[in-house]
Amino acid sequence: SGKIKLVETDDGSETLLAESSDSAISGSIQTSETRMAVGTWSGSPQSVFFANENEDALYRVAPGGSVVEVTPLSDGPSGVLGIRDIDSDSDDEVVYIGSSDEIRYLNKDGSTGSTGITADQNNGVGAGSIADYDGDGDAAVAMVESGQIRLAGATWDHKITDSDIQGGTAPSSVTKAPPTAADVDDDTETELLYVASGGDLRYLDELGGLTDITVRDLTDENKNAISGDDYTGVV
């Protein structure tokens, strides 16, 4: 309903952080095919970063604070993916979804750049977490493009193909929903989780070097499949 709320995990209490009627927001808060991110950027307090429905600006709001316009943008921002150093310049960038679902980023000096890569979308946007997936020190966005998993950085990208996978079968027909980074097997390494065609959650394991990757099912303690959602993906 055009509101951003903080929900406490211990008691379920809710705190309203922002709503579309806030005078600082041009139009309404974007609620369709969007992403929000939490972090700090350019000296800000820990905040929720989001886009507006007019797709002409990015905003942030900190608990107990007021909505602040981060910057106006003319490239159709519709959601925020995260805050990381994606171009290896030692400064964090705000990585966001631009027009036609192009993955773009906002530099500290107010300039913008693009990965040149466009994510799929359906009920949700097929772009998710930013992480150093392959352990080379460079961050990338995990995304779905043409039904396949792709990593997109500022100056490089890599689509997961058969030759990258042990056994030679890369994930195909991946659901157009956000993938994410997490250590799901407690090995201190980052895995890439995604919603597979049919709705079950799977993950790419042993991503170092982007060779000999293993595709695994994410299951519960009884080895039953866990289902995902094509709106929210994996968060």
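Strands here are DSSP runs of E with at least two residues, numbered from the N terminus. This is a predicted model, in which local features need pLDDT of at least 70, side-chain atom pairs count only at pLDDT 80 or more, and totals for chains, interfaces and linings use all residues. Residues are numbered from 1 along each chain as its sequence is written, and side-chain values use heavy atoms, with hydrogens and water left out.

**Arg-150 and its partners**

- Arg-150 has a relative accessible area of 16%, so it is buried. The word buried stands for under 20% relative accessible area, exposed for over 50%, and partly exposed for what lies in between (1.4 Å probe, protein chains only).
- Which residue meets the side chain of Arg-150 in a salt bridge? That residue is Glu-145, at 2.3 Å from N to O. A salt bridge needs a side-chain nitrogen of Lys or Arg within 4 Å of a carboxyl oxygen of Asp or Glu.
- Glu-145 is buried, and Arg-150 is buried too.
- A network of salt bridges links Glu-145, Arg-150, Asp-157 and Lys-159.

**Other salt bridges**

- How many salt bridges does a search of the whole structure find? The search finds 9.
- Side chains of opposite charge can pair when their charged atoms come close.
- Asp-205 and Arg-216 form one of these salt bridges, with their closest N and O atoms 2.9 Å apart. This pair links distant parts of the chain, as Asp-205 is in strand β17 (residues 201-205) and Arg-216 is in strand β18 (residues 214-217), 11 residues apart.
- Asp-205 is buried because its relative accessible area is 5%, whereas Arg-216 counts as partly exposed at 31%.
- Lys-5 and Glu-14 also bring their side chains together in a salt bridge, at 3.2 Å from N to O. Lys-5 has a relative accessible area of 44%, so it is partly exposed.

- Which residues form a negative surface patch? The patch is made by Asp-89, Asp-91, Asp-92 and Asp-109.
- Patch members have over 30% relative accessible area and no salt bridge; like charges are joined within 9 Å, and nonpolar side chains (Val, Leu, Ile, Met, Phe, Trp, Tyr) within 5 Å.
- Asp-91 sits in the loop between β7 (79-84) and β8 (93-97). Its relative accessibility is 32%, so Asp-91 counts as partly exposed.

**An aromatic pair**

- A search of the whole structure turns up 1 aromatic pair. The ring centres of Phe-50 and Tyr-59 are 5.8 Å apart and the planes are at 20°, so this pair is stacked.
- Rings of Phe, Tyr and Trp (its six-membered ring) pair if their centres lie within 6.5 Å; planes under 30 degrees apart count as stacked, over 60 as edge-to-face and the rest as tilted.
- Both Phe-50 and Tyr-59 are buried.

**Positive phi angles**

- Glu-33 is not a glycine, yet it has a positive phi of about 45°. Glu-33 lies in the loop between β2 (14-19) and β3 (37-39), and it is partly exposed because its relative accessible area is 26%.
- Thr-188 is not a glycine either, and it has a positive phi of about 65°. Thr-188 is placed in the loop between β15 (180-182) and β16 (191-195).
- Is Thr-188 buried or exposed? Thr-188 has 71% relative accessibility, so it counts as exposed.

**Sequence and space**

- Ile-117 belongs to strand β10 (residues 112-118) and counts as buried at 7% relative accessibility. From C-alpha to C-alpha, Ile-117 and Asp-157 are 8.3 Å apart in space and 40 residues apart in sequence.
- Arg-104 lies in strand β9 (residues 102-106) and counts as buried at 14% relative accessibility. Arg-104 and Thr-115 are 11 residues apart in sequence, with 6.0 Å between their C-alpha atoms.
- Asp-10 is in the loop between β1 (3-7) and β2, and its relative accessible area of 68% makes it exposed. Asp-10 and Gly-43 are 33 residues apart in sequence and 29 Å apart in space, C-alpha to C-alpha.

Definitions and conventions: Accessible areas come from the Shrake-Rupley method with a 1.4 Å probe; for residues, only the protein chains shown count as cover. Lys and Arg count as positive and Asp and Glu as negative; His and the chain ends are not counted. The place of a charge is taken as NZ of Lys, CZ of Arg, CG of Asp or CD of Glu. Helices (H or I, at least four residues) and strands (E, at least two) are DSSP runs, numbered from the N terminus.
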